[in-house]
Structures are given as C-alpha cells and as structure tokens.
Amino acid sequence: MKRVPVNQESEQKLFFHNYARLPIAVAHGEGVWLVSDDGTRYLDMISGIGVNALGYGDKRLTEAISSQAAKLIHASNLFMMAPQFELAGKLLALSGLSKVFFANSGTEAIEAAIKIARKWAGQSGNQEKKEVLSLSNCFHGRTYGAMSLTAKQKYVDGFEPLLAGTGMIGFNDIADLEAKVSGKTAAVFIEVVQGEGGIHHISQTFIDRLKELREQYNFLIVADEIQAGCGRTGTFFSYTPLDADPDLVCLAKPLGGGLPLSAVIGSEKVADVLTYGNHGTTFGGNPVACAAGVAMIKAIEDDQLMEHAREIGTFINNELQKLAAKHSQILEIRQYGLMVGITVDKEAKYYAASALKKHLLINATSVNVIRLLPPLVISREEAQHCITTLDEIFTEETAEKSC
Ligand SMILES: Cc1ncc(COP(=O)(O)O)c(C=O)c1O
C-alpha cells in the first residue's frame, strides 16, 4: 500500500477541518520533549492538552500498558476486570466518595454526570427539578449535553438547539448565583480552575455560598476536574483546598496515562441512581487504560509529583513575574500548580507561533491567554528553558517594533 505523506496537504484532503493542527509530524517523545519526524526536539508545555502528566516514555506506564495488553485488551463491561476494580478503589480512596462509572473521554463523563443529576433530581418527586447550570466562561466538552453547558458561543454556533433546561451563572458572581438557583435546580457544574476559559480560579466565597444554597434547595454540585484534576494544581483534586465537597466529580485527560479514559465519581447521595442498562459504554473502563491509570496515580504518589507541581509552579510564577516587570506585553499571570495562564496584550496565538519557531510548545486559549500545562515531571531547568525562550520572544518583539 502506498504510504500517505504526513503533511498539511494530506491533512486537508483526509480529514474534516475541525482541528487546526500544527505543521509538525511528531515521531516520539522523551520526558518533557516531543521529537518530530525530522529529529527536531520541542520543549512541550502543552502535554497533549493536559494529558501527559508523566511526560513521554515513562517506563512504569509503558510496562503497565504492555503487560495488560498482553493479557487482555478488551472484554467489555459484561465482565469483571481487575484493573478497573483497582483503579475504582484508588479513586474512591482519594476522593472519599462512594461509586465510580468509567467512560472514555471528558465530554462523556460530563454527559454521564448530567444524566445522573437529572435522574437523581427526578426521584425527589418534583418533575420540574431538571435544570442543569454551569458558570460563564466554562468549558465542559463538545457533545450535546456538555456543549449545552459550555459558555463560549464559538463552540455552540450552528449546532443549536441545545439541551433544554440548561443555563449559566456568572463566574464568581454570588448575586447571579442566588438569582439563578432554585428548587428547580438539579445540579451546578463547576471548574475550580477554568482551563479553556483562560486559567481563572473560582472564589472561596462563591463555593461557600454554593454549598449553603445546596442545603437550601437540594441540588448536586458537580466538579469538572477533567483539566485541573489528577494532581495538576498540586492536590489530586483541585477542589480539595476549597473544601468544595462535590456530589459528583468528573476526571479524564491524564487519568488513563494517555489512553482514553474518564471517570465519574459519586457520593452516597447518588450511589443508587443508575440501574442496569440506564447508562453505559462498550469501551468504558478498558482494562489497558485502567492499568495505565493505576500506574499513573502510583507514579504521581511515588515521585511526589503533586508537591513537585506546587514547587515548579511557584518557580515559574516567580520567573514570569520578573518577565512581567520587564515586558509590557505581559498583562497578568495566574498560576495554580502547573496550570499557568499569561494574559498578553494581543492574540496569544501570535506568541505561540513565535515560540514554535524556537521549538517551544505553548498553547493559546481565550484569545489573549498563553496557557502552560507542562507534564508534572518537568524539571526546574526545563521550566527555566521555557522562561528564557519567552523572554527572548518578548525582547525580540519589542526590538522589531522599535525598528
Ligand atoms: C474542564 C474540561 N471539561 C471537559 C473537557 C472535555 O474533555 P474531552 O476533550 O476529553 O471530551 C475538557 C477538555 O479540554 C476540559 O478541559
């Protein structure tokens, strides 16, 4: 069979045009570095959009995957499979919650959470209690339910009508929260740190008021930990320092160590909502992905990567503050562990393109925010390399302007 060239021309011919792929064909990865077909090494501050927590080529992960693949790749949820049980047990121990459902992607976890919330609310006897709310500027995914909870119009345009009974509360806006929730509310979805939204942290006062209103109106709090979870912000769940006490938690991205895996973890309150056949997916909880998940969490714990994320995150923040004092292009820095947002004076994609030329992979989100989501294993030297490269980019831009 003729080999298809991996270039932008074939990309345009082969695929729907829904991804703006970079002009790099990646061949392999080593630690925090991605290597392209032509041997160029890129410092990866994107990690496959927050997935590759252990970077590339971690032996514990690749061995867990290959040994499970040799035993059993798939059997379906008609059977019990040890890696699923081990990972579920681990997630319950970490969260203190009661039940787990496994799916394959972040958006599927959100769909499952919406279904659990609506069915749970219906059991109250109030058939009007179906409203599912989220926060402005949020991102929860691109399937119909998740998209209906997602704030930005660009994800929604052309796909209406959306799921009925969804609505939005202003991010950190307590007056709006009080105005929007009621006895009809089934659930409020939150991201403690909004990722796609540009790295914005929910406030403690908002969480406290949300919990009070939950007491009053009896709804569920759903924590979308898909991007901020699994240790990225320095604790396994980003809600832990806020004592957010969610009823449902959605995890994905790094959970399967790079293989497709997501989870919904639920409290005792929702433990019996789903019954046989109510919800499910053929691939959910795939044993290879679950074995990878177990290895990934063990590595995070063994290598104390959450402490490391806090330490390197603080280092990056301090260094970025120095750059901000020097370069007027930097307007604001927001850092929570290894989730970093840098608001800049123009479209962030301009800086992402300049960084690419210097073999640094950074990502633009929310128009003017540079987002850094490096693997949790990034060393101080590698973080410094990123800072030095950004320094060069801002310096060169200023020099060009003054020419
Ligand atoms: C907070 C959050 N929720 C949900 C999703 C959707 O996850 P997926 O792309 O795996 O469907 C994402 C993806 O970026 C996310 O960041």
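**Exercise 1. Strand E10 and its partners**

How many bridges join strand E7 to E10, and do the two strands run parallel or antiparallel? Then find the other partner of E10 given here and decide how enclosed the strand is.

Solution. The model is a predicted one.

- Step 1. Take strand E7 (residues 185-190). Four bridges join E7 to E10, and the two run parallel.
- Step 2. Phe-189 has Val-222 of E10 as its bridge partner.
- Step 3. Turn to strand E11 (residues 248-251). Three bridges join E10 to E11, again in the parallel sense. Here Ala-223 has Val-249 of E11 as its bridge partner.
- Step 4. Check the faces of E10. Leu-220, Val-222 and Asp-224 lie on one side, Ile-221 and Ala-223 on the other, and all are buried.
- Step 5. Conclude. Five of the five residues of E10 (residues 220-224) are buried, so the strand is largely enclosed by the rest of the structure.

**Exercise 2. The largest nonpolar core**

Which residues of the largest nonpolar core touch the most other members? Why does this core lie between domain 1 and domain 2?

Solution. 

- Step 1. The core holds 117 residues. Ala-109, Ala-113, Ala-117, Val-222 and Cys-250 touch the most other members.
- Step 2. Look for the main contributor. Helix H9 (residues 287-302) gives the most to this core, with eleven residues.
- Step 3. Assign the core to domains. Domain 1 (8-57 + 304-402) and domain 2 (59-302) both give residues to it, so the core lies between them.
- Step 4. Zoom in on Ala-109. Leaving out residues up to four places away in sequence, Ala-109 touches Ala-103, Ile-226, Cys-250, Leu-251, Ala-252, Ser-262, Ala-263 and Val-264.

**Exercise 3. Where the domains meet**

How many residues of domain 1 are in contact with domain 2? Which elements supply that side of domain 1?

Solution. 

- Step 1. Set the distance. Over C-alpha atoms, the centres of domain 1 and domain 2 are separated by 26 Å.
- Step 2. Count the contacts. 24 residues of domain 1 are in contact with 26 residues of domain 2.
- Step 3. List the elements on the domain 1 side. Helix H2 (47-50), H10, E13, E14 and strand E17 (369-372) each give two or more residues. The largest share, five residues, comes from H10.
- Step 4. Sort that side by residue class. Twelve residues are nonpolar, nine polar and three charged.

**Exercise 4. The four-stranded sheet**

In what order do the strands of the open sheet with E13 stand?

Solution. 

- Step 1. The order is E13-E14-E17-E16, and the pairing is antiparallel.
- Step 2. Find the edges. Strand E13 (330-336) and strand E16 (363-365) each pair on one side only.
- Step 3. Neighbouring strands are turned by 25 degrees against each other on average, direction ignored.
- Step 4. Inspect one pair. E13 and strand E14 (residues 339-344) are joined by six bridges in the antiparallel sense. Gln-335 has Val-340 of E14 as its bridge partner.

**Exercise 5. Two hairpins and a loop residue**

Which glycines take a positive phi in the hairpins of E1 with E2 and of E2 with E3? Is Asp-38 buried or exposed?

Solution. 

- Step 1. Strand E1 (residues 26-30) and strand E2 (residues 33-36) run antiparallel, joined by four bridges. Val-26 has Ser-36 of E2 as its bridge partner.
- Step 2. Two residues separate E1 and E2 in their hairpin, and Gly-31 in the turn has a positive phi of about 60 degrees.
- Step 3. E2 pairs with strand E3 (residues 41-44) in the antiparallel sense over three bridges. Leu-34 stands opposite Tyr-42 of E3.
- Step 4. The hairpin of E2 and E3 has four residues between the strands, and its Gly-39 takes a positive phi near 90 degrees.
- Step 5. Asp-38 sits in the loop between E2 and E3. Asp-38 has 8 C-beta neighbours inside 10 Å and therefore counts as exposed; the cut-off is 12 or fewer.

**Exercise 6. A glycine for contrast**

Is Gly-141 buried or exposed?

Solution. 

- Step 1. Locate Gly-141: the loop between strand E5 (131-135) and helix H6 (144-149).
- Step 2. Count neighbours. Gly-141 has 24 other C-beta atoms within 10 Å. The cut-off for buried is 20 or more, so Gly-141 is buried.
- Step 3. Name the contacts. Beyond residues up to four places away in sequence, Gly-141 touches Gly-106, Thr-107, Ile-110, Ala-146, Met-147 and Thr-150.

Technical notes. Residues are numbered from 1 along each chain as its sequence is written. This is a predicted model: local features need pLDDT of at least 70, side-chain atom pairs count only at pLDDT 80 or more; totals for chains, interfaces and linings use all residues. Two strands pair if DSSP finds at least two bridges between them. Axes are lines fitted to C-alpha atoms, for helices over the stretch in contact, and angles run from 0 to 180 degrees between N-to-C directions. A nonpolar core is a set of buried Ala, Val, Leu, Ile, Met, Phe, Trp, Tyr and Cys residues joined through C-beta atoms within 7 Å. Domain bounds come from an automatic or database domain assignment. Two residues are in contact if their C-beta atoms, placed from the backbone, lie within 7 Å. Ala, Val, Leu, Ile, Met, Phe, Trp, Tyr, Cys and Pro count as nonpolar, Asp, Glu, Lys and Arg as charged, and the others, Gly among them, as polar.
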